[in-house]
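Keep the viewer open while you read.

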Amino acid sequence: MFDFVRQHNRLFQFILMLLILPSFAFVGMQSYTSMMGGTNTAVATVDGRKITQGEWDQAHKEQTNRVRQQSPNVDPKLLDSPRAKYQALEGLVGERVLEAAAAAQHFTPSEQRITEIFWRDPQFEFLRNPDGTVNQTVLAAQGMSPGMLKQRLAKQLALQQVTQGVETSAFGGAAASKIAFDALLQQREIQVQRFDPQEFAAKLSPTDAELEAFYKDTANAAQFQLPEQAQIQYVVLDLEALKKDVSFTEDNLRSYYAENANRYGVPEERRASHILIKAERNDPKDVRDKAKAKATELLAQVRKAPGSFAEVAKQNSQDEGSAKSGGDLDFFSRGAMVKEFDAAVYAMKQGEISDLVETDFGFHIIQLTAVRGGDKKPFEAVRAEVEAEVRKQLAQRRYAEAAEQFGNLVYEQSDSLQPVADKLKLQVQTATVLKQPAAGASGPLASTKLLDAVFGADALRNKRNTEAVETAPSQLVSARVVQHLPARVPPFAEVQAKVRDAWIRKAAQAQARKLGQERLAALKSGTTAEGLSSAKLVSRAAPQDLTRKALEAVLSADASKLPAWVGVETEDGGYLVARINALQARDEKVIDAQRAGQQFSAVWSRAEGVAFMNALKSHYKASIKVPAPAASEAAGG
């Protein structure tokens, strides 16, 4: 039953709506750019330092790339919408605020912490080689060096420290949790009567005169208008296109395999147990000497009887986490432990017991208990993978030069796309497009940047090639309009069937609403309740057959005096009348008290984090200088 809570997480956050800031409204990005003008113009300030238009553009680009990597099928319109762009600026302001706070509080993560995060966090797995080294080839493709990666990790950890204390210490409390969930999951006994437009539609038969009048009504014209269209030719330059034209030999593939053989295998992992006698490096000498003497004594004991290692660890190890399991640390990869410990483990043979190993934590006695992985796949088994990677890398090297040629050719020979296609061995493709990406569109034709260029004055009037438009990372597109079809309302005869359907739908909905509202008024005045359904219990956990809109209307209605009556227009244009007979407490089976408290505390924690972040923004005088956007444009309109 706890699945209900996970599925309705937003409802639980709604409980704390007074603590959580409402969503931002957004405006078109073009208006910002035209107003601000120039990449060095300040669009926001934090702690007296400005954030420039150029930094905002870069933040939006990075945000877009991250989302595309995580969700390749995401609608490009969402990534390039005014809302997404403004969120990028909000995120940049938040990051600068955290940077200022981290600097003021001197938050600097240790080398050990950075190393541990890199080798344990799954998100960095693609950067780790099987032999425990950093994959610098992949790292370079991300535009980073090992030093840059380390710096970025250090920054992320420092920023996390700023809010971590607040977010992890928040506690909602059992009483508050009970009140919130009791209100949220209250049950109501209701009876309903529906007025479905479909029931009236079959009885409606409009005349030709009524249909023509409906068609000519300017309020209805948009329903029948054919959108502006353009038939285009376009060419795409991307890595996929360049991969087809790269050349290499079998020796090139074998050389790449030899140089990167550690990528084509299973990472080696080792399992070890240890006994720790604690002694920090800055402890007094007598304390350290005493710890070392104790460790030396235990080393002699386990070397004399290796089979007693686990029992000795249980009784003597001062590592609380592993002592109870006989010192077992399970399997770990190279670099996961502090460097002295790691070096010792990866120099040992299975079953061997080390000499004393000194680290920042004290003195360790290590027993290597198992080794797994480390196997390399033969070239023949990974040839296809090697070839794909070689093609990709050669295409990446070629892309910068090809991109410059592409941009020059579509501009210099603007009356045709054939020259650039011939020069770079690209394919001229055709399509019919609208000013907005079509439903289900993908690839370049889903790019609002490209469509804006296609429907620009120069492209439409002079039929010239558009400029080279970046529609995705490492992807340039140019298009040329072959035929332009302006928006138009077709003759009545062409759309008469569509007009008839629209007339009937509108008239049926109006009739359903009218009769529903009349029925509601009659029921409120004391008319018989005949026609209402049998009674049923509804709640947010069990909505029965009510839609979200109808359910919220029933649950939010004033039930201080029963019976109570509710009328609501349904999503299909119909009408629903509901009689509320009784209130009942929430079903305890939906969510138990303990897990309800955990869920409530998590939401409360996020709210505390938001409040703390707002306080930081105020303290460091964070200010966004561009105007807050309009809601209509937030939705991509």
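Two strands pair if DSSP finds at least two bridges between them. Helices (H or I, at least four residues) and strands (E, at least two) are themselves DSSP runs, numbered from the N terminus. The model is predicted, with local features needing pLDDT of at least 70 and side-chain atom pairs counting only at pLDDT 80 or more, while totals for chains, interfaces and linings use all residues. Residues are numbered from 1 along each chain as its sequence is written, and side-chain values use heavy atoms, with hydrogens and water left out.

**The overall picture**

The protein's secondary structure comes to 27 helices and 15 strands. Of its 637 residues, 41% are buried; buried means under 20% relative accessible area, exposed over 50%, and partly exposed in between (1.4 Å probe, protein chains only). Contact here means heavy atoms within 4.5 Å. Among contacts with a separation of 6 or more, 73% are between residues 24 or more positions apart.

**A four-strand sheet**

Let's start with an open sheet of four strands, in the order β6-β5-β8-β7 with antiparallel pairing. Its edge strands are β6 (328–333) and β7 (357–359), each pairing on one side only. On average, neighbouring strands of this sheet are turned by 45° against each other, direction ignored. Axes are lines fitted to C-alpha atoms, for helices over the stretch in contact, and angles run from 0 to 180 degrees between N-to-C directions.

Strand β5 (residues 269–278) and β8 pair in the antiparallel sense over 10 bridges. Which residue of β8 is the bridge partner of Lys278? That would be Gly362. Helix α16 (residues 285–304) touches β5, β7 and β8, and its direction makes about 35° with that of β8. Helix α17 (residues 309–316) touches β5 and β8, its direction making about 40° with that of β5.

In strand β5 you'll find Arg270. Is Arg270 buried or exposed? Arg270 counts as buried because its relative accessible area is 11%. Its side chain reaches the backbone oxygen of Val345 at 2.9 Å and that of Met348 at 2.8 Å. Both are polar contacts, that is, pairs of N or O atoms within 3.5 Å; within protein, one must be able to donate a hydrogen and the other to accept it, and residues adjacent in sequence count only if both atoms are side-chain atoms. Leaving aside neighbours within four places in sequence, Arg270 is also in contact with residues including Asp330, Phe331, Phe332, Leu368 and Ala370.

Over in strand β8 (residues 362–372) sits Gln367, which is buried because its relative accessibility is 13%. Not counting residues up to four places away in sequence, Gln367 touches several residues, among them Arg271, Ala272, Ser273, Pro306, Phe309 and Met348.

**Rings**

The structure holds five aromatic pairs. Rings of Phe, Tyr and Trp (its six-membered ring) pair if their centres lie within 6.5 Å; planes under 30 degrees apart count as stacked, over 60 as edge-to-face and the rest as tilted. Phe332 and Phe341 make a tilted pair, 6.5 Å centre to centre with 55° between the planes. Phe332 is buried at a relative accessible area of 3%, and Phe341 is buried at 3% too. Elsewhere, Phe214, Tyr215, Phe224 and Phe492 form one aromatic cluster.

There is a charge to look at as well: the charged end of Arg372 sits over the ring of Phe331, 3.8 Å from its centre. For this, NZ of Lys or CZ of Arg has to be within 6 Å of the ring centre and within 35 degrees of the ring normal.

Strand β4 (residues 229–238) is largely enclosed by the rest of the structure, because seven of its 10 residues are buried.

**One last stop**

Leu555 lies in helix α25 (residues 548–556) and is buried, with a relative accessible area of 10%. Leaving aside neighbours within four places in sequence, Leu555 is in contact with Gln186, Arg188, Val538, Ser539 and Arg540. Leu555 and Ile580 are 25 residues apart in sequence and 9.3 Å apart in space, C-alpha to C-alpha.
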